[in-house]
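Thank you all for making time this morning.

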Amino acid sequence: MGKRLSDTGRARGFRPGQRRAAVHASALTWAASPWACERNSRLNRVTIRDVAELARVSPASVSNYFHKPRKLSDATRQRIQQAVDALGFVPNDAARTLRTGVSPVIGYIAFELAGATTPEIAAAIERRVSAEGMYMLMANDTGSEQRERSYLQLFAKQLVSGVIIAPVGNVEAELARMRSFGIASVLSARHAESPEQASVSIDHVAGGKLAAAHLVELGRKRIGFVSSSLALKQVADRLNGALSAVHSAPGVTLEVIPVPERSVEAGIACADAIARRPPSERPDALFCANDLLAIGVVQAFVSSKVVSVPSDIAVVGYDDIEFARSTIVPLTTIRTPHAELGTAAADLLFAEIDALGSAGERGTPHLPRPQIEFSPELVVRASTVRQ
């Protein structure tokens, strides 16, 4: 397993706690963007006392609204929120960020918070962010492009130093706009389309090809690809890789088997449906888009005793999560480097923050940015080869 790196982009010369944040003097022009509130020009003239007076509460209640909101009733919180919106008030920490151009916060947006790989990636990012004396705010877009953009707008308004995002949709235009006012960004788990967008990704086309080629080499002729969300680029890349291996193998076919989600439960339901088919109409191999699906498939086949794994149907997963090797039939899978990806994304974000900082008032340098791509690895276990 290796990685390709167009530019190391390592951040140098800073000890933990001394990281320069990417909110420069030019970043203050963010208020002119469509995301910003026009009232922010009055930031320095609005105080907690102003908010308290308009909301008819005490200054202490306004402070609690930002720091201990549970102490307040719903009605009080609503009045304070209305006053904050009306006055364009920004809490002291955010106002300090605007005045000094320094933010200790980065944002991380994941498209699948409950996914098996997200916690390991997030933990790796958090370790690096913490080592720099900074903080990470994590958001889950629940697979919604609209919510994804809402979180980008939220992080933009908070003037975080940078954003790491594993996107559902194409967000590169939004990220370019954020860079124009000083917020660095890195695409995670997806290769950037623009050379000016930094990214850390996995070659999922190669991963899909590895999985299907392994099944073809075993003599399997009817391969099923099990997944949801084919519109998600990472999943589509795995399918395209599998198709390339199948198309080069005479007599081999590939059937796309859709499921509602990439979970163990969906894998169980999929296997039950396949087991109900006549034997001649069943696939003799399944490539599942992630390990959770594959684990569910194997569990259902073994429990039903109708289909034997791997004699009747060989099963390949994707990601090599912790449980892949400890299932009732250990799972053949495509290993992807989750922790390494998270660490690389954080390192690259710090390099992007420094690059924006060195650009100063000249703005974002329109130069090709580093695009790191990890190579996946086939791990063969008993779900495809009896051991």
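Let me begin with a question: where is the place of Pro 310? Pro 310 sits in the loop between helix H11 (291–304) and E10, where helices (H or I, at least four residues) and strands (E, at least two) are DSSP runs, numbered from the N terminus.

Before going on, please keep in mind that this is a predicted model, in which local features need pLDDT of at least 70 and side-chain atom pairs count only at pLDDT 80 or more, while totals for chains, interfaces and linings use all residues. Residues are numbered from 1 along each chain as its sequence is written, and side-chain values use heavy atoms, with hydrogens and water left out.

Back to that loop, then. A cis peptide bond joins Val 309 and Pro 310, with omega at about 10°. Lys 305, which is found in the loop between H11 and E10, has a phi near 60°, a positive value in a residue other than glycine. As background, most residues other than glycine have a negative phi, and most peptide bonds are trans. Is Lys 305 buried or exposed? Lys 305 counts as exposed, because its relative accessibility is 75%; here buried means under 20% relative accessible area, exposed over 50%, and partly exposed in between, with a 1.4 Å probe and protein chains only.

Asp 320, in the loop between E10 and E11, also has a positive phi, near 55°, but Asp 320 counts as buried, at 8% relative accessibility.

Next, the sheet. Four strands form an open sheet in the order E8-E7-E9-E10, and the pairing is parallel; two strands pair if DSSP finds at least two bridges between them. Strand E8 (253–258) and E10 stand at the edges, each with a single partner strand, so one side of each is left without a neighbour in the sheet. Strand E7 (residues 222–227) is joined to E8 by 6 bridges, and Ile 223 stands opposite Leu 254 in E8.

Now to the aromatic rings. The structure holds 2 aromatic pairs, where rings of Phe, Tyr and Trp (its six-membered ring) pair if their centres lie within 6.5 Å, and planes under 30 degrees apart count as stacked, over 60 as edge-to-face and the rest as tilted. In one of them, the rings of Phe 287 and Tyr 318 have centres 6.3 Å apart and planes at 40°, so this pair is tilted. Because Phe 287 lies in strand E9 (residues 285–288) and Tyr 318 in the loop between strand E10 (314–316) and strand E11 (333–335), the pair ties together parts that are 31 residues apart in sequence. Phe 287 and Tyr 318 are both buried, and ring pairs link Phe 225, Phe 287 and Tyr 318 into a cluster.

Finally, a helix. Helix H8 (residues 204–217) has 14 residues and reaches 20 Å from its first C-alpha to its last, close to the 20 Å expected at 1.5 Å a residue, the expected span being 1.5 Å times one less than the number of residues. Which residues are buried in H8? They are His 204, Gly 207, Gly 208, Ala 211, Ala 212, His 214 and Leu 215. These residues cover an arc of only 150° around the axis, which puts them on the same side of H8; the arc is that of the directions from the helix axis to the C-beta atoms. Just after H8, Gly 219 takes a positive phi of about 90°.
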